[in-house]
Amino acid sequence: MKRLSSRVGVSALVVLAGLIALGAVPRLRQSAALQRAAASPVLPAVAVMTPSRAPAAADFTLPGDVQAIQDVPIFARADGYLKRRFVDIGDRVRAGQVLAEIDTPELDQQVAQGRATLAQAQASLAQAESALQQARATLQRSEATMRFNDVTLARWRELKRRELVAQQDVDNYQAASDGSRADVAAAQANIEALAASAKAAQANVDASDANLRRLLDLQSYQTLRAPYAGIVTVRNVDEGSLISAGRAPNAMPAFRVAQIDDLRVFVNVPQTFVASIRPGLPTETVVRELPGRVFTARVVSTAEAMDPASRTLLTEIRMHNDAGVLRPGMYADVRFHIARTDPPFLLPSSAVIVRSGPPMVAIVGADGVVQLKPVQLGRDLGSSLEITGGLGEHDRVMVAPPDNVQDGDHVRTEA
């Protein structure tokens with residue numbers, strides 16, 4: 001009985017050990033598999049591509065600002081009141097056409113006073129020149145008297161040498177000769193003084209004449225004229241309005257005239273296309289309010305320097321406004337057709353990583369290591385982007401990098 005019980009116990013222990021072994025073995029195998037997976041992780045599979053070049057011929061459209069070839073304000077040069085106005089806003093004018101007339105009573109009085117001052121100065125000059133002529137005649141008379149007295153003195157000295165006359169007579173003629181010499185010196189001094197007076201009178205005449213001519217020039221501005229053929233775009237005056245000269249503070253122009261037979265359009269060209277912009281490049285200008293109308297134009301000049309704030313090049317385009325349908329101040333779209341010698345690369349928009357800092361792309365090396373490279377972007381074409389710098393011909397670019405991709409990650413490329 002005891003042996004039977006002992007055998008039963010041993011059998012139970014054997015069965016229990018077998019059950020334990022059957023449950024532990026799968027767990028051990030699963031643990032080993034997990035350890036092997038941890039030791040050899042499965043690399044994520046990514047799609048890569050090599051960049052392709054964009055077409056050499058490119059069309060792009062930029063907004064532009066239409067302006068007149070010439071657009072200048074017309075200021076009055078003289079103070080007064082508007083006497084008559086001959087044009088209004090929208091009127092076409094010819095070069096030299098009278099726009100308005102100004103009544104300038106104060107200036108007219110100044111002109112009259114200037115004429116009187118000039119006449120007075122001319123009279124003073126004539127008087128000074130007459131006195132100078134008289135002084136020159138007096139000098140000639142004094143010189144003649146001096147020569148006569150000198151000859152007479154020489155004769156009386158000869159007579160005295162012969163003891164034919166008294167010394168007193170010789171002394172009298174000597175005094176007369178000396179007096180005539182003093183008269184000549186005084187006449188010469190008087191001539192110099194009168195000559196200086198005449199010169200001062202002439203300067204006064206010149207000054208008065210210059211002042212009168214200045215006033216007459218200002219008086220000629222009583223008539224406002226168009227400097228060139230164009231259209232009146234601004235009128236700030238009416239008949240009877242007080243007119244202030246343009247030099248006055250806060251003076252407003254009486255008119256503004258714009259020349260619109262030819263127009264110019266200013267466009268800011270991005271740095272991407274600057275190398276292709278040159279004078280003579282044909283363009284097409286369209287205005288949304290004029291559907292179906294295309295205006296041909298050409299590039300005439302550029303600023304030759306980039307705007308450091310926007311990295312754009314100010315470009316001037318000119319076109320002929322034949323029908324006169326375009327107006328200064330309009331907003332226009334300018335289409336450029338260029339041929340690029342070094343076209344940029346094209347990548348899907350999904351390939352560009354935008355984080356803090358410059359845009360980047362994920363480059364996958366031959367060893368599967370990821371390198372994040374900064375790039376310069378060109379045009380956004382919607383589903384694709386132009387890459388103007390930072391990318392090589394043979395770089396393998398990740399098509400759709402995950403958001404958490406980092407520099408140095410390991411990946412495997414899809415077949």
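Analyst: In this predicted model, Phe 60 and Phe 273 are both buried. The rings of these two residues have their centres 3.9 Å apart and their planes at 10 degrees, so Phe 60 and Phe 273 count as a stacked pair, the limit for stacking being planes under 30 degrees apart. Phe 60 belongs to strand β4 (residues 57-74), while Phe 273 sits in the loop between β11 (255-270) and β12 (282-286); the contact therefore ties together parts that are 213 residues apart in sequence.

Phe 60 also forms a stacked aromatic pair with Phe 336, at 5.0 Å centre to centre and with 10 degrees between the planes. Phe 336 lies in strand β15 (residues 331-339) and Phe 60 in β4, so this pair ties together parts that are 276 residues apart in sequence. A search of the whole structure finds three aromatic pairs, among them the pair of Phe 60 with Phe 273 and the pair of Phe 60 with Phe 336.

Rings also take part in contacts with charged side chains. The charged end of Arg 53 sits over the ring of Phe 345, 4.1 Å from the ring centre. For Arg 77, the charged end sits over the ring of Tyr 221, at 4.7 Å from its centre.

Next, the sheet. Strands β3, β16, β21 and β20 form an open sheet in that order, with antiparallel pairing. Its edge strands are β3 (52-53) and β20 (376-380), each of which pairs on one side only. Between them in the order, β16 (residues 345-348) and β21 (residues 384-389) pair in the antiparallel sense over four bridges. Leu 346 stands opposite Glu 386 in β21. By these residue ranges, Arg 53 falls in β3 and Phe 345 in β16, and the charge-over-ring contact described above is between these two residues.

Last, the helix α2. After α2 comes Glu 163, whose phi is positive, near 65 degrees.

Definitions and conventions:
Residues are numbered from 1 along each chain as its sequence is written. This is a predicted model: local features need pLDDT of at least 70, side-chain atom pairs count only at pLDDT 80 or more; totals for chains, interfaces and linings use all residues. Side-chain values use heavy atoms; hydrogens and water are left out. Helices (H or I, at least four residues) and strands (E, at least two) are DSSP runs, numbered from the N terminus. Rings of Phe, Tyr and Trp (its six-membered ring) pair if their centres lie within 6.5 Å; planes under 30 degrees apart count as stacked, over 60 as edge-to-face and the rest as tilted. Buried means under 20% relative accessible area, exposed over 50%, partly exposed in between (1.4 Å probe, protein chains only). A charge sits over a ring if NZ of Lys or CZ of Arg is within 6 Å of the ring centre and within 35 degrees of the ring normal. Two strands pair if DSSP finds at least two bridges between them.
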